[in-house]
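This report goes through one protein chain, from its overall layout down to single residues. Keep the sequence and the structure in view while reading.

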Amino acid sequence: MGGVVMVSTDSERIYFRAASQKQYEAIHHLAKAFNCSASQICRIAMDEWLRENFIKQLEFAQAVSEINDSTI
């Protein structure tokens, strides 16, 4: 999932910006099709991405860190 995610320091709200105009339009198209908000589409997409990728990304980051540490 593309975009910029920022965590606000005054709440637990996360702000998302689509990486492209096409992504923005796709999110809004889905929201209209499912009669929900764009925020709900982003929440669902992030939930799915984290379930599918969180562990893989942590393992990848660890491997990269080990490679970087061994080449120093």
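A residue is called buried when its relative accessible area is under 20%, exposed when that value is over 50%, and partly exposed in between (1.4 Å probe, protein chains only). S37 is partly exposed, because its relative accessible area is 32%.

The model is predicted: local features need pLDDT of at least 70, side-chain atom pairs count only at pLDDT 80 or more, and totals for chains, interfaces and linings use all residues. Residues are numbered from 1 along each chain as its sequence is written, and side-chain values use heavy atoms, with hydrogens and water left out.

**Layout and confidence**

The chain has two helices and two strands, in the order β-β-α-α along the sequence. Helices (H or I, at least four residues) and strands (E, at least two) are DSSP runs, numbered from the N terminus. The predictor's confidence in each residue is given as pLDDT, from 0 to 100. Its mean over the chain is 88, and 83% of the residues reach 70 or more.

**Surface and contacts**

Of the 72 residues in the chain, 8% are buried. The accessible surface comes to about 6400 Å², and carbon and sulfur atoms account for 57% of this surface. Such areas come from the Shrake-Rupley method with a 1.4 Å probe; for residues, only the protein chains shown count as cover. A contact means heavy atoms within 4.5 Å. Among contacts between residues at least 6 apart in sequence, 11% join residues at least 24 apart.

**Helix α2**

Helix α2 covers residues 38–70 and bends by about 50 degrees at N53. The bend at a residue is the angle between axes fitted to the seven residues ending there and the seven starting there. Which residues of α2 are buried? They are I41, C42 and N53, and these buried residues pack against β2 (14–17) and α1.

A nonpolar surface patch of about 460 Å² is made by W49, L50, F54, I55 and L58. Patches are made of residues with over 30% relative accessible area and no salt bridge; like charges are joined within 9 Å, and nonpolar side chains (Val, Leu, Ile, Met, Phe, Trp, Tyr) within 5 Å. L58 counts as partly exposed because its relative accessibility is 46%.

A salt bridge is a side-chain nitrogen of Lys or Arg within 4 Å of a carboxyl oxygen of Asp or Glu. How many salt bridges does a search of the whole structure find? The search finds one. In a salt bridge, the side chains of R51 and D47 meet at 2.8 Å, N to O. R51 and D47 both belong to helix α2 and are four residues apart, about one turn of the helix. R51 has 60% relative accessibility and therefore counts as exposed, while D47, at 39%, counts as partly exposed.

**The loop between the helices**

Both S37 and N35 are found in the loop between α1 and α2. N35 has a positive phi of about 55 degrees although it is not a glycine. Most residues other than glycine have a negative phi. At 71% relative accessibility, N35 counts as exposed.

**Separations in sequence and in space**

| Pair | Apart in sequence | C-alpha to C-alpha |
|---|---|---|
| Y24 and A38 | 14 residues | 9.0 Å |
| S37 and I27 | 10 residues | 9.1 Å |
| S39 and Y15 | 24 residues | 9.2 Å |

Y24 has its place in helix α1. Is Y24 buried or partly exposed? It counts as partly exposed, because its relative accessibility is 42%. S39 lies in helix α2. Its relative accessibility is 56%, so S39 counts as exposed.
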